[in-house]
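Subject: Structure handover and findings

Hello,

Here is the structure for you to look over. My notes follow below it.

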2 protein chains.
Amino acid sequence: MIIDCHGHYTTAPRQLDDYRRLQVAACDCVSRGEPYPAIADPSISDDEIRETLEKAQLRIQRERGTDLTIFSPKAVGMGHHIGDAQTSARWATVCNDLIHRICGLYPTKFAGVCQLPQSPGVAPANCIPELERCVKELGFVGCNLNPDPTGGYWKDPPLHDKWWYPLYEKMVELDVPAMIHVSGSCNPHFHATGAHYINGDTTAFMQFLTSKLFQDFPTLKFVIPHGGGAVPYHWGRYRGIAQDLGLPPLQELLLENVFFDTCVYHQPGIDLLLKVIPPENILFASETVGAVRGIDPTTGHHYDDTKRYIDAATQLSAADKAKIFEGNARRVYARLQA
Amino acid sequence: MIIDCHGHYTTAPRQLDDYRRLQVAACDCVSRGEPYPAIADPSISDDEIRETLEKAQLRIQRERGTDLTIFSPKAVGMGHHIGDAQTSARWATVCNDLIHRICGLYPTKFAGVCQLPQSPGVAPANCIPELERCVKELGFVGCNLNPDPTGGYWKDPPLHDKWWYPLYEKMVELDVPAMIHVSGSCNPHFHATGAHYINGDTTAFMQFLTSKLFQDFPTLKFVIPHGGGAVPYHWGRYRGIAQDLGLPPLQELLLENVFFDTCVYHQPGIDLLLKVIPPENILFASETVGAVRGIDPTTGHHYDDTKRYIDAATQLSAADKAKIFEGNARRVYARLQA
């Protein structure tokens, strides 16, 4: 069985975008001192949901030979920097409910991961009720955690700050991991998928490296997507920085708690990832339909068809390949039952 | 001949730190409304300079078999976010004058690259007089350009903004490149050498990719250090993003203007860099004495002994190796005469 641990519902029907537009407009109303307008939940039929998936994520699963996608709302759409906690709470609920319906329609094809109702300056403890609802009532297996709800200005506390601890306690109690995943950027310096995503990954890893977070939470688990940002490419740098700081080797320091996905869109990148990161810490993923949609003219295949790169990595043993394709995902997303 | 295009004077005598401490304290005075105190320039003898280099950078050149280092003030020490334009101007002058003395003492061993007197909210045009002084009077061959003088908050305009254009015009006129190099971070999210440096590199590349900067400045040249941040590891992602945006291939779009150094501290990282980036766009560098100072227990050699990784890359032809070790540096740093 092949589990893709990183998919977003990027193909949702336009009603979802319409709802969000009204919500964002409502924020403007509030900021002008006008009352918060009532907005009806988006009305989307099961057939509409099926159609958006059949021609996209499900077609891709069939074509590429993957079985189950760990699926969450569109990351760039989370937009935690927009509006206030009330905005984020309502938006997360709407998006998560849609994921829940998808998992109900295709229980062998999708498992849910939730968007958290983060908001700048609001303590992450505020996300606990929605996390509990998604895990206990909707059967979700994890959450996406935005290390920068300020959307590119990085003004809230870093991930090792006690600010985050109540949420981590709940994650541990529920036995769910978080994928570290920024959302869109409202800072003109950062292109979302080309800079902010990758920087978020690298930044989170370094925050873990320099903190005692996993001493405080020995069973807390994070997946760093996009192949770990810059980290595997600079694995020597990170090993050396840890050593200069008098820390234990990275494997001992972090790799019980930190995992990398395979969203790296060319063979040499995947080969590097497989070479430097232990196979126990790599989870297969493609992030389809996502950041890169074209066909690589040098291969004739989609850039994001990451299964081909893993299949082509002849240095991997069958046992290690099975860990990357399935075993590690089951270990990290421990509530996964499909 | 082997040219290391990326070295900083990280071993300066303590008088330089003492001077900077007084300067930073002076900023505090000014912010309290007290007058700016007079601070004497640091008094450092030639023998003291020689001593700090003989036991560090020069010893390393001899031991590793490199010949010339393109040398600039300590990057993390630039601290553009501290004080105001006056602070940065005086600090840049002091640091650049010290580099000039080094180049005078060891003209075959060091070539100068200047620190710019950037300051948050101050137009980069303000850096032109110091750049001209360093190039025309002191014989420097380039500058370090900080894409985020706000020290981790990324609040000034991005690199493709016209805000930067007067400085670029002067760089083109003087025929000097800039190495993109952030300084220290005052944002608790970003460890300087582990996150802010690498993020700065990735961010700059993406700003170049999404802008028309090199249409406006066809001969402008930038070196992105630390192996290009995350870029070569995600080369497929960047090729795919450019393609989705309807842009020409990266080679055509950027690689007449953008170059990567080899500050990647393990063999698999260097192998990836050499595999995906054309040899014409790679400049040898080690950033010694710098971010990582220890010995890699898996090799028995210093992490930052990057020459070993290039030497071990058997796939490189002798001609390509010569480009990386010397030819490209002479092409990019066109004023280099040593």
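Contact here means heavy atoms within 4.5 Å. On that rule, the contact takes 59 residues from chain A and 59 residues from chain B.

First, the ground rules. This is a predicted model, in which local features need pLDDT of at least 70 and side-chain atom pairs count only at pLDDT 80 or more, while totals for chains, interfaces and linings use all residues. Residues are numbered from 1 along each chain as its sequence is written, chains are lettered from A and ligands numbered from 1 in the order in which they are written, and side-chain values use heavy atoms, with hydrogens and water left out.

**The interface**

Chain A and chain B bury about 4,600 Å² between them. Carbon and sulfur atoms account for 57% of that.

Two salt bridges cross the interface of chain A and chain B. (A salt bridge is a side-chain nitrogen of Lys or Arg within 4 Å of a carboxyl oxygen of Asp or Glu.) Arg239(A) forms a salt bridge with Asp296(B). Their closest N and O atoms are 2.8 Å apart.

There are also 30 residue pairs in polar contact across the interface, both residues at pLDDT 80 or more. (A polar contact is a pair of N or O atoms within 3.5 Å; within protein, one must be able to donate a hydrogen and the other to accept it, and residues adjacent in sequence count only if both atoms are side-chain atoms.)

On the side of chain A that touches chain B, the elements giving two or more residues are helix H7 (192-209), helix H9 (235-244), helix H11 (267-276) and strand E9 (295-296) of chain A. (Helices, H or I with at least four residues, and strands, E with at least two, are DSSP runs numbered from the N terminus.) H7(A) gives the largest share, ten residues. By type, this side of chain A divides into 29 nonpolar, 21 polar and nine charged residues. (Ala, Val, Leu, Ile, Met, Phe, Trp, Tyr, Cys and Pro count as nonpolar, Asp, Glu, Lys and Arg as charged, and the others, Gly among them, as polar.)

**Helix H9 of chain A**

H9(A) is mostly covered, with seven of its ten residues buried. (Buried means under 20% relative accessible area, exposed over 50%, partly exposed in between, using a 1.4 Å probe and protein chains only.) The buried residues include Trp235(A), Arg237(A) and Tyr238(A). What covers them? The cover includes H7, helix H10 (250-254), strand E7 (258-261) and H11 of chain A, together with H7 of chain B. Just after H9(A), Gly246(A) takes a positive phi of about 75°.

**Aromatic pairs**

The structure holds 36 aromatic pairs over all chains. (Rings of Phe, Tyr and Trp, its six-membered ring, pair if their centres lie within 6.5 Å; planes under 30 degrees apart count as stacked, over 60 as edge-to-face and the rest as tilted.) Phe71(B) and Phe110(B) form a tilted pair, 4.6 Å centre to centre with 45° between the planes. Phe71(B) lies in strand E2 (residues 68-73) of chain B and Phe110(B) in strand E3 (residues 110-115) of chain B, so the pair ties together parts that are 39 residues apart in sequence. Phe71(B) is buried at 0% relative accessible area. Phe110(B) is buried at 2%.

The rings of Phe205(B) and Phe260(B) have centres 6.1 Å apart and planes at 40°, so this pair is tilted. Phe205(B) sits in helix H7 (residues 192-209) of chain B and Phe260(B) in strand E7 (residues 258-261) of chain B, so the pair ties together parts 55 residues apart in sequence. Both Phe205(B) and Phe260(B) are buried.

In chain A, one aromatic cluster is formed by Trp164(A), Tyr165(A), Tyr168(A), Phe208(A), Phe214(A), Phe217(A) and Phe222(A).

**Two residues in chain B**

Gly79(B) lies in the loop between E2 and H4 of chain B. Gly79(B) is buried, with a relative accessible area of 3%. Leaving aside neighbours within four places in sequence, Gly79(B) is in contact with Arg20(B) and Ser183(B).

Thr93(B) is in helix H4 (residues 85-105) of chain B. At 16% relative accessibility, Thr93(B) is buried. Not counting residues up to four places away in sequence, Thr93(B) touches Glu130(B) and Arg133(B).

Best wishes

Notes:
Buried area is the accessible area (1.4 Å probe) that two parts lose on being put together, summed over both.
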